[in-house]
Structure formats: C-alpha cells, structure tokens
Amino acid sequence: MPRTQYTPETALMKICNPAIEWPSLPRARLLLQIVFSQVTRVYHLVLRKSTIDELEDAYRKDNFDDPVLKCKFFALFALGEVYSARSTPSLECNVPGVAYYVNAMTMIPILPERPSLAHIETLLLLSLYSFFLNRRHSAFLLVGSAMRLGLTVGLNHNIPESKCPDPVQREHRTRLWWAIYVFDRMYGSKVGWPIQISDADIYVDMPSNVPGDIHNDHTSDTEFLTASIGLAKITGQVIDRVYSRKRFPESFLQREQKLLISLKEWSCALPSQIRLNRDGPVPMNVISLHLQFNQCIMLASRPILLHALIQATSPESTTEDNAQTNIRQTLKTLSDACIHAARHTHSLIVEEWTNGSVPIFGYFYAHYLFSSALIMVISSLVYPENSNDFALFEAAFEILRAMSSHGNLAATEFYDNLECVKQCLDKIQTSEGGHFHSDLSRVAESSTDSLAVTAPNQLGVFGNTAGSGIPESTAPANDANDMAFLGESMEEFLAQPDVDFLLDPSLTDTVYSWPNLSLWTA
C-alpha cells in the first residue's frame, strides 16, 4: 500500500511566495493564542510571554525582515491556521497555513553555524506542521536537525547559573531539549524509526517550576510535561526492544513483561489532575497524553495479537499439555491488553469527535484511530466472542472517511488502507459462500491451539458488554479506568519472577516478516 496522500515538493514550490505578507496584528495575536491553546499545552516549544512580546515589538517597530524572527512566526501562523480553519481550497493544497509553512521552510536549508534557541524552536514547529501535510519524513528530518543543533549548544546538559542567570531562559533550555526528546520518540513510534539519542547521553534535569509568579506566564504545567517525558522514555524502550532486530539476552515475553510493568508504574504515579477519572471536563492535553499511553500499550503488545491471528487461521492442530495451556493463557492475556487499549482509544476519539473537538486536519488523532481500527478488526476475526468489535472498526472507518472528505491527507491515506482491509474481508465473506466470522469461529473451535480461552471482560471495564452486545467502550471516556488493560490474569503475568518459556519462532519474527512493515508499525 504505497503512501500517496501527501503534499509533494512540486505543489509546495508552486505555493511559495517570497512576497507573502504578515497578517494583521489582531489576526496574528489570535493565531498565537490558538497555538498556545492547542499546541504548547501539550509540548513546550516556545516561551509564551516572550513570544507575545516579540510579536508586539515586531509590529510596533515594523521589523519584518529578520529571517530568524520571520521564520519562527510564520511557523506559528501556519499552526494557528491549521488548528482553526476548516479548509482553504487552492489548486495545489487545501491544508490551511501551508503558505506560511512553505515560506518558513525556504529559510531553513542554510543551518546556522552557531544556532539560536529561536532556530531550534522553529524546526520543532515546522516538524509538527509537516504532519498536517502527511510529510512525516520531512518531520523526522527536521526534528533530527533540531536535536543535532541542540547538542551543539549543549541542551542535553544543565547550564550553570553563572552562564545563564535568567531562570526562565535556563528552564526554557531544559524544556526545549525535552520537547526534542519527546518528538524523537513519538515520531519514531509512528513509522518504526530507531531512536536518535540514547538516554545515557542525556544529563539535563527534568522540567521544574520557575521561582516566583512568572512561571505560568511563560511555561505550561510541569507535572504534565514530566509525565509526557516519562511516557516518551517507555515508548523509546518499546521501539528498541520490540521493533528492532537486536539480539537480546532476555526472551521476548520477558521484555514484554518489563515494558508493561513500566507502563503500570507510569500510570499509577500520575497525579490526580492528569487522570481521566476526575471531576469536570478533561482538558485536551490530558486526553492526548492518554491516547499516547494507549498507543504505547498497543505498540508493545500487538505483535502477539498478530501472532494470534496467524495461529487462529492455521488449520494445524497439536496435542496440548499443561505448559502449552499456560503459554496460551499468557498470550491471550497480552492480546486482551492490546484490544482493551484499542477500545479505550476508540472511545476517547469518538467522544472527542461527537463533541467537535477533533482537529479536522490533525495527523495524530487519525493515526490513533487507524491503529485502533486495525486491532478491532483483528480482534473480531480472532476471537468469536469479540465479533462486536467489528462495529467499532466500522465507526472508525466512517470518522476517517469524514476527515478525509474535509481534506485531511493522513486520514485519506488511512481510510484508503482500511478500505483495502474491508475488501479483503469481503473476499473472505463471499468465497465459497462463507462468512468470515463463522469461518474463523470454526477454525478456532476445531483447533486445540486456539487462543480463545477466556472472555475479554476478565481484564477490565472495556471488555464488558451492554445489553445490546456492543462493548462498553462507547461509554463516556471520563469514567474510564486509567489502567484498563490490567486485570487478574495480567497482574499474575506481571508478578511472575521469570517469564522464561520459549515461543514458536514465528512470534518474534512476526513483526519483521509482515509484508508491509510500515503499515503494521503505523
């Protein structure tokens, strides 16, 4: 499935207009406020008050020719437009803000020998906007440049007060580095790229509050950023331990166990204001964080679900002993963890969609929905008792279709891929007059190697079914348990002192032998 739904370079060059004008000051202020509300609450990319002061100063002095300042603000304007506008029809690209993005990008190729923090800020802003154009390779290159420029100015080290007396600027350096770090792990997890810097090479402290009353004027919530960094670290470990071809002394399941223990500890350590089960509405940045958390669970466990699909469709049967029964139960437990995380993601996004809170051109919501949809359809195929998950797949399919019709390029690509999935299912359904659910049910029932052992509701609230038979993942997401993937069988798995039984080699090879790795690692 080739990736064709992105804005090519030829289209961007036609949009490029060196004479593009700055927006009016009132509009510029509004665009910045949108960025502060939608972006900088999730990622620390700029100092809010300083950025506003720079904007006001530029308009007051009519100083629009500074290339670094212009590049930074055009990147901000691009993000402000794409988060606020519904569409901007043009002959070349209908993604709002693209003209500002293109002109900012034309100032990037000559990288500075002695970079400023503003230059690094701009690279991060542009990398984030690149996803709206579904240009994730460009995003990867931009954040890579930001990381290397950050290393040249020592952002990965603490800077002494004597070198930088301003506490706001010192904290900005710290948070800017961690923004680079989070982007590196997050981008890598979307496509399967390796991490670009090891945790062992990072010596800077975690974010902290700036003394005095100026903290909230410049920076976002410290506890949220700390939690986001902690989750990014685990995501990097998942990339390294599950999706790399390295040789490890530990078994695959031992690595799985350690990753899930880390995720459990991360979730249990969350302060109350960052949890979903709280009084009142849940802020957008908290929902975004929990979507990333669910995605991390899915990343860690879905190779086992894919293995379950292969096993469930295999006609071979073998005599099973007690040891194989234990293995089968463990694999079912991990598969259920993946399924419940996917259901929770689906629930959160559907609620945001019905509330009108999903960014219509956003990449990440479309990506999370696509990722959960793949798991929903596999769940409905592998486990007959989960056949209602197919309804969730169809709902995700419809949301992606709607996002695609509004011009979301990533959603268009994901929608096309899911359409191919539906075509495959239709072929199974029509071949020999059978139905894919009944066919797979027969395979599962006839094979003693089937993984369908326990009901999915053994692992948490998201496996329960309402009277209609539809999983209760459609219930309000705010009532959700933060640790939906945990239950008695999962607790037993995490508590085992040594998960050392060997699996069929096909499990550890599954992630590498899939015909289109980029589809599965999305």
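Contact here means heavy atoms within 4.5 Å, and helices are DSSP runs (H or I, at least four residues) numbered from the N terminus. The model you have open is predicted, so local features need pLDDT of at least 70 and side-chain atom pairs count only at pLDDT 80 or more, while totals for chains, interfaces and linings use all residues. Residues are numbered from 1 along each chain as its sequence is written, and side-chain values use heavy atoms, with hydrogens and water left out.

**First stop: H5 and H6**

Select residues 98–105 for helix H5 and residues 117–130 for helix H6. Their axes (lines fitted to C-alpha atoms over the stretch in contact) lie 11 Å apart at an angle of about 135°, on a scale from 0 to 180 degrees between N-to-C directions.

Now show side chains. From H5, pick Val98, Tyr101, Ala104 and Met105; their partners in H6 are Leu126, Tyr129 and Ser130. Of these contact residues, six are nonpolar, one is polar and none is charged, with Ala, Val, Leu, Met and Tyr among those counted as nonpolar.

**Second stop: Cys420 and Cys424**

Next, select Cys420 and Cys424. How far is the sulfur of Cys420 from the closest cysteine sulfur? The distance is 7.0 Å, to Cys424, too far for a bond; a disulfide needs sulfur atoms within 2.5 Å. The structure holds zero disulfides.

Methods:
Helix = DSSP H or I, 4+ residues; strand = E, 2+ residues; numbered from the N terminus.
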